[in-house]
Amino acid sequence: MDDDEDIREAITFLLVAEGIMVRPYEDAGGLLERLTPKHTGCLILDVRLPDMDGLTLQRELRQRGIDLPVIFITGHGDIPMAVRAVNDGALDFLEKPFRDDALLEAVEQALEVEAAHREDQQRRAEIEQRLAQLTPRERQVLEGLLDGKPNKLIARDLDVSVRTVEIHRGNLMQKMQARSASHLARLALVCDAYRERLPNE
C-alpha cells in the first residue's frame, strides 16, 4: 500500500508478473475496511500514509487480530520510523528507491513466514480438538503427567488405583495420538493453557 500511484502501480505490476496476487490500496482506511483475520498473504506498507502512519496502522491491525507479515517501504527521512516498526514486529523495510529483486525476496520470505504461521495455527486447532475429546478425569491425569508425576503419585492425588490411572493414561494417549510421554508433552506445549504445567528441563 502506497499513496503514490506510480509506486503502487509499479509494485503491483512487478508482483503480478511473478504470479503473486495483489490488492493495492492508496490509504489505511481502505485497507482496514476490507482486511480481516481470515486473509492470508503479506502487507507492503509505506511508512507515511495520508490518513495514518505505518506504525499506527501496524498496531491497529494487531488489535484487530490481523497478524500478517509486514514489509515497510520508506523514504530516506523515514528510516528511524521504519526501524521502530521492525522492532515492533515488522518483517523488513526497504528504502526507496529499492531494487525489484530486493522487494521480491522480501515478499517471498514474508509469504513463507505467513504460510508457516498458518500451519502452526492449524496444528494448534487440531490438538485443541483432541484435548476437547478428553474426559475430566483424563484431563486430570494429563495434568499430572505434565507436572512430571509418575502414575503412582497421580493415583494418590486422585484417590484412585494405579491401574485406573494407567487406563486413563492409555485412553488419553490414544485420543491425543501421542506416541510417547515426551510426544504428549510436545503436543501439549502447542496449547498455551498447558505450557506452564510442563516440568522444567
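This is a predicted model: local features need pLDDT of at least 70, side-chain atom pairs count only at pLDDT 80 or more; totals for chains, interfaces and linings use all residues.
User: Why is glutamine 58 called buried?

Analyst: The relative accessibility of glutamine 58 is 3%. Buried means under 20% relative accessible area, so glutamine 58 counts as buried. Its place is in helix H3, residues 54-63.

User: Which residues does glutamine 58 touch, not counting those up to four places away in sequence?

Analyst: Glutamine 58 touches Phe72, Ala85, Asp88, Gly89 and Ala90. Each counts as a contact because heavy atoms lie within 4.5 Å.

User: What makes aspartate 46 buried rather than exposed?

Analyst: Aspartate 46 has a relative accessible area of 4%. The cut-off for buried is under 20%, and therefore aspartate 46 is buried. Aspartate 46 has its place in strand S1, residues 43-46.

User: How do you know that the side chains of aspartate 46 and lysine 96 are joined by a polar contact?

Analyst: The contact between these two side chains is 2.8 Å. A polar contact needs a pair of N or O atoms within 3.5 Å, so the pair formed by aspartate 46 and lysine 96 meets that distance limit.

User: What feature does UniProt place at Asp46?

Analyst: The UniProt entry, which is unreviewed, gives "modified residue: 4-aspartylphosphate" at Asp46. Such an annotation may be inferred rather than shown by experiment.

User: Why does glutamate 114 count as buried?

Analyst: Its relative accessible area is 5%. With the limit for buried at under 20%, the conclusion is that glutamate 114 is buried. Glutamate 114 lies in helix H5.

User: What is glutamate 114 in contact with, leaving aside neighbours within four places in sequence?

Analyst: Glutamate 114 is in contact with Thr40, Gly41, Leu68 and Pro69. As for leucine 61, 53 residues apart from glutamate 114 along the chain, the two C-alpha atoms are separated by 15 Å.

User: How much space lies in the largest pocket, and which residues are closest to its centre?

Analyst: The largest pocket holds about 570 Å³ of space. It is lined by 27 residues, and those closest to its centre are Met21, Val22, Arg23, Cys42 and Leu43.

User: Which elements supply at least two residues of that lining?

Analyst: Helix H1 (5-17), helix H2 (28-34), S1 and helix H5 (100-132) each do. H1 gives the most, with 4 residues.

User: What domains does the domain assignment give, and what separates their centres?

Analyst: The assignment gives domain 1 (5-119) and domain 2 (134-194). Taken over C-alpha atoms, the centres of domain 1 and domain 2 are separated by 44 Å.

Notes:
Residues are numbered from 1 along each chain as its sequence is written. Side-chain values use heavy atoms; hydrogens and water are left out. Buried means under 20% relative accessible area, exposed over 50%, partly exposed in between (1.4 Å probe, protein chains only). Domain bounds come from an automatic or database domain assignment. A polar contact is a pair of N or O atoms within 3.5 Å; within protein, one must be able to donate a hydrogen and the other to accept it, and residues adjacent in sequence count only if both atoms are side-chain atoms. On a 1 Å grid over the protein atoms alone, a cavity is a set of points where a 1.4 Å probe fits but cannot get out, and a pocket is an open set with protein on both sides within 12 Å along at least five of seven lines; lining residues have an atom within 4 Å of a point. Grid points are joined across faces, edges and corners, and a volume is the space filled by probe spheres set on the points.
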